[in-house]
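Subject: Structure handover

Hi,

Here is the structure I promised to pass on to you. Please open it next to this email and follow along as you read.

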Amino acid sequence: MKILIADDELPARSRLRNLIDDLQAGEVVAEASNGQQVLNLCQEDNIDIVLLDIRMPGMDGIETAHHLKKLENAPAVIFTTAYDEYALQAFDAHAIDYLLKPIREERLQEALNKNQRLSQAQYSALEKTSKKAAQHISARVQGGLKLINIDDVIYFHAEHKYVTVYHQAGQVLIEESLKSLQERYQQNFIRVHRNALVAINQLQTLNRSNIGHFTLSLKNSENTLEVSRRHLSSVRKIMKALSV
Amino acid sequence: MKLTKQQSDALFLPNFCSLRMVFVVVIIAQLFAFVLTLAPLSQPSDIRWQNLGLISLFVQWCALGSATALCLIRAWLYRFSNTQTAVISYLIMLFVIIIISEGTFWLILRFDMNSQQHWNFLLRNFIVGAIISGPVLRYFYVQHQWRRRIQAESEARLQALQARIRPHFLFNSMNTIASLTRSQPKQAEMAVENLADLFRASLSDARQRFTLKEEQELCQRYLQIELLRLGDERLKINWNIDSLPDNALIPALTLQPLLENAIYHGIELLTEGGTIEINGELNDKQIEISVENPLPTSAATAHQEGSQLAQDNIHERLQTFYTRHAGLSVETQDHHYKVTLTFPYQTEQDEDTDS
C-alpha cells in the first residue's frame with residue numbers, strides 16, 4: 001500500500017511516518033506540505049491513500065480532496081486535524097473518516113483498513129460547511145489535472161454538456177455545472193445569461209444593439225457576452241454599484 | 001485584631017476608623033444639624049444662629065461618638081450576620097445618643113430644667129435618634145451591596161475576558177510533543193515545560209499584571225513551541241522593543257494572544273511563511289506596542305473576522321485596567337496586518353501607591 005503524508009508541519013509528518021512504520025501498514029512513498037504538492041505527487045505516482053491535513057497553507061485539505069477526486073486513479077483520503085470545529089461537524093454528520101491529532105495507533109490502523117473514498121454527496125456536504133470556497137478550478141486535461149486560480153477566471157460559458165472556463169491564460173473545459181459554480185462563487189461572479197457566469201471585476205460596459213439586445217464587454221477578453229432580459233436588472237445594479 | 005480584606009468586605013458597615021469616613025460622618029451630621037435648626041417655624045434669626053451652634057455641637061458629638069464606638073467594635077462585629085450587625089449598631093447609636101444627651105443635661109441644662117423637662121429632653125432626642133439612625137444604617141447597607149455588585153461584575157468580566165489557551169494551539173502542541181518524544185526527547189521536554197508555563201499564566205488571577213520583561217519571556221516560551229511546529233524557515237520573529245522600560249506593567253497575557261493571531265491567521269496560511277515584527281515605543285508616558293504580520297492575498301478579511309474576538313477581549317481588558325488612555329487599533333495595508341496596543345507607563349511602585 002502506497003501512502004502519501006500531507007501536513008505542513010514537519011513534526012506531524014514524522015510522527016505519522018513513525019506510526020505507519022510501527023504498524024507496518026504500508027510504504028510512505030512521499031511527503032507533501034501543501035495541497036498543490038499532493039496533487040502533483042498523486043499524478044506522478046499511483047498513491048493508494050493520502051493522509052491529508054485539513055489546515056495547510058495555499059491549498060487546504062478540503063479543497064485538495066475535491067481536486068483529487070478527479071484523478072483517474074483517485075487515492076483514498078483520510079483527513080487529519082488537530083482541531084477544526086466546522087470540519088468535524090461535517091465529518092460526523094456524513095460519516096467521513098478522520099483522525100484527531102495526536103493520532104492513536106489503533107485509530108490509524110482502523111482508518112487505513114477502511115480505505116475510504118469520498119462519495120460525491122460527502123464531498124458536497126463537506127464543501128458547504130467549509131468556510132471558504134475552493135480557490136482553484138480543476139480541469140482534467142491530457143496527462144493530468146490543470147488548476148486555474150479562481151482569481152484568474154474571466155468568465156464561465158456553458159455549451160452543450162460542458163462548461164468552458166475562459167481565464168487569463170486561455171480556456172479549458174470542465175465538467176461542473178454553471179449552477180454549482182454560481183453557488184460556490186456568488187460573491188465574485190454574476191450570472192448574465194443562462195449560459196454565462198462572469199467575474200464581477202471583469203465587467204466593462206453594457207451596450208445596447210440596434211435591435212434592442214444587450215451585450216457586455218469585458219476587461220481582459222475580446223469576446224462580448226449576451227445579457228438576457230432576465231438578468232439585465234441585476235447586471236445593471238452591480239455595474240452601477242461598481243461605478244460609484 | 002486586624003481584619004483580613006475578605007472579612008472587611010463582608011461587613012456592610014463602612015470602616016469608620018478611616019479618615020474619609022470620619023469626614024463623611026461630619027458632613028452628614030452637619031447637614032442634619034442645619035435641618036434641625038431650620039425646622040422650627042417662627043423664630044428670630046439671631047436665636048436661630050445661636051441654636052445652630054449648639055445643635056451642631058450636640059449632633060456632631062452624637063455622630064462622631066457613634067462612629068468611634070462602631071470603629072472600636074468593628075473587629076468584633078464581623079462574626080455576626082448582617083441583621084445582627086444592624087441591630088447591634090442601631091442599639092449602640094441609640095445608647096451613644098442617650099449618653100451624650102444625659103451628659104449635655106448635667107453639663108449645661110440642669111439649672112434651667114426641671115425633672116419633667118429633663119425626661120422630655122431625653123425622650124425627644126431618643127426618638128429623633130431612633131428615626132434618623134435607621135435610614136442611615138440602611139443607606140450604608142444599600143451602598144455596600146451596590147459596591148459589591150459592581151466589584152463582582154467587573155471581576156466576572158475580567159475573568160471572562162482573560163486570555164485562554166486556544167484548543168487549536170493546545171492540540172497541535174501536543175502532537176508536536178508526541179512526535180518529538182521519540183526523535184528529540186530534549187526538545188520535547190522543553191516544549192512540555194513551556195506549555196506548562198503558558199498554562200499557569202493563563203490560569204492566574206485576571207487582575208494580575210506582568211512586567212514587560214515577564215510578558216516577553218512568556219511570549220518567547222510560546223514562540224519556542226510554535227517554532228518547533230512550524231520550523232524557523234517559516235516562522236521568523238523580529239523583536240524591536242529595547243526602547244521600552246523592562247519594569248513597565250502590562251495586563252498578563254495581552255501581547256501573547258496577538259502573536260497567536262499573527263501566526264494562526266497570517267504565518268500559518270503562507271506557504272513561504274513570514275516574519276512577525278514586534279515594535280515598541282515609549283512616548284510621553286504612553287507605551288505603544290505593535291505586532292505586524294504578512295497576510296496571504298485572499299485572507300485579509302478572514303484575518304479580521306477571525307482575530308476579532310481576541311482583539312475585542314484585549315481592548316476591553318485594557319479599558320477595564322486603565323479606563324481611558326488605553327486601547328487597541330488595527331491597520332491592514334499591502335497584505336500586512338498590524339495591531340497596536342497603547343497603554344500608560346506604570347510600574348510596581350505606582351501600583352503600590354494606588355492601593
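Below is what I found, part by part.

First, some housekeeping: this is a predicted model, in which local features need pLDDT of at least 70 and side-chain atom pairs count only at pLDDT 80 or more, while totals for chains, interfaces and linings use all residues. Residues are numbered from 1 along each chain as its sequence is written, and chains are lettered from A and ligands numbered from 1 in the order in which they are written.

**The sheet in chain A**

Start with the open sheet of 5 strands in chain A, which has the order E2-E1-E3-E4-E5 and parallel pairing. (Helices, H or I with at least four residues, and strands, E with at least two, are DSSP runs numbered from the N terminus; two strands pair if DSSP finds at least two bridges between them.) At the edges sit strand E2 (27-32) and strand E5 (98-100) of chain A, each pairing on one side only. From one strand to the next, the twist averages 20 degrees. Helix H1 (residues 10-23) of chain A packs on this sheet and touches strand E1 (2-6), E2 and E3 of chain A. Contact here means that the C-beta atoms of two residues, placed from the backbone, lie within 7 Å. The direction of H1 makes about 155 degrees with that of E1(A); axes are lines fitted to C-alpha atoms, for helices over the stretch in contact, and angles run from 0 to 180 degrees between N-to-C directions.

**A closer look at E3**

Why is E3(A) described as largely enclosed by the rest of the structure? Because 5 of the 5 residues of E3(A) are buried. (Buried means 20 or more other C-beta atoms within 10 Å of a residue's own, exposed means 12 or fewer, and partly exposed is in between, with C-beta atoms placed from the backbone.) Ile49(A), Leu51(A) and Asp53(A) point one way from E3(A), and Val50(A) and Leu52(A) point the other way. In a regular strand the side chains alternate between the two faces of the sheet.

E3(A) pairs with E1(A) in the parallel sense over 4 bridges, and Ile5(A) has Leu51(A) as its bridge partner in E3(A). Strand E3 (residues 49-53) also runs parallel to strand E4 (residues 76-81) of chain A, joined by 5 bridges. There, Asp53(A) is partnered by Thr80(A), and Leu51(A) stands opposite Ile78(A). To get from E3(A) to E4(A), the chain goes through helix H3 (residues 61-68) of chain A in a right-handed β-α-β crossover. Right-handed means that, with the strands pointing away from the viewer, the path from the first strand over the helix to the second runs clockwise.

**A hairpin in chain A**

Further along, strand E11 (residues 189-193) of chain A has 5 of its 5 residues buried. A hairpin of 2 residues joins E11(A) to E12(A). E11(A) and strand E12 (residues 196-199) of chain A pair in the antiparallel sense over 4 bridges, with Ile190(A) opposite Val198(A).

**Over to chain B**

Met93(B) is in helix H5 (residues 82-107) of chain B. Is Met93(B) buried or exposed? Met93(B) counts as buried because there are 24 C-beta neighbours inside 10 Å. Leaving aside neighbours within four places in sequence, Met93(B) is in contact with Ser66(B), Gly129(B) and Ser133(B). Met93(B) and Gly129(B) are 36 residues apart in sequence but 7.9 Å apart in space, C-alpha to C-alpha.

Cheers
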